[in-house]
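Hello,

Please find the structure below. My notes on it follow.

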Amino acid sequence: NQMNDKSPMPFGKYKGDPLEDVPDDYLLWLLRQTWVATRYPDLWKYLIDNQDIFEPSDSFPDASIEDTY
């Protein structure tokens, strides 16, 4: 089941929102969460395939910090 910009966010704060409406900072944060690949492989593929177009805001946290669940 491949996800696209119109696919609903499957969980969390933006659950149900089209992925194109989810803030890039949140999507970039998800890319740093290793559990996303395991629990949401279709979302992970979408994030990997689109990571080059996500634009972090000035307040985006340091990418070397990984949050854990």
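Lys45 is partly exposed, with a relative accessibility of 41%. This is a predicted model, so that value, like the others here, is computed from predicted coordinates. Lys45 forms a salt bridge with Asp49, and the closest N and O atoms of the pair are 2.7 Å apart. Both Lys45 and Asp49 belong to helix 3, where they sit 4 residues apart, about one turn of the helix. In general, an α-helix has 3.6 residues a turn, so residues three or four places apart point the same way.

The count of salt bridges comes to 2. Lys6 and Glu20 also form a salt bridge, with 2.7 Å between the closest N and O atoms. Lys6 and Glu20 each lie in the segment before helix 1, so this pair ties together parts that are 14 residues apart in sequence. Lys6 is exposed, at 59% relative accessible area, while Glu20 is partly exposed, at 40% relative accessibility.

Next, helix 1. The residues concerned are Tyr26, Leu27, Leu28, Trp29, Leu30 and Leu31. These buried residues pack against helix 2 (34-39) and helix 3 (41-50). Helix 3 is also the helix that holds Lys45 and Asp49.

Regards

Note on methods
Residues are numbered from 1 along each chain as its sequence is written. This is a predicted model: local features need pLDDT of at least 70, side-chain atom pairs count only at pLDDT 80 or more; totals for chains, interfaces and linings use all residues. Side-chain values use heavy atoms; hydrogens and water are left out. Buried means under 20% relative accessible area, exposed over 50%, partly exposed in between (1.4 Å probe, protein chains only). Helices (H or I, at least four residues) and strands (E, at least two) are DSSP runs, numbered from the N terminus. Contact means heavy atoms within 4.5 Å. A salt bridge is a side-chain nitrogen of Lys or Arg within 4 Å of a carboxyl oxygen of Asp or Glu.
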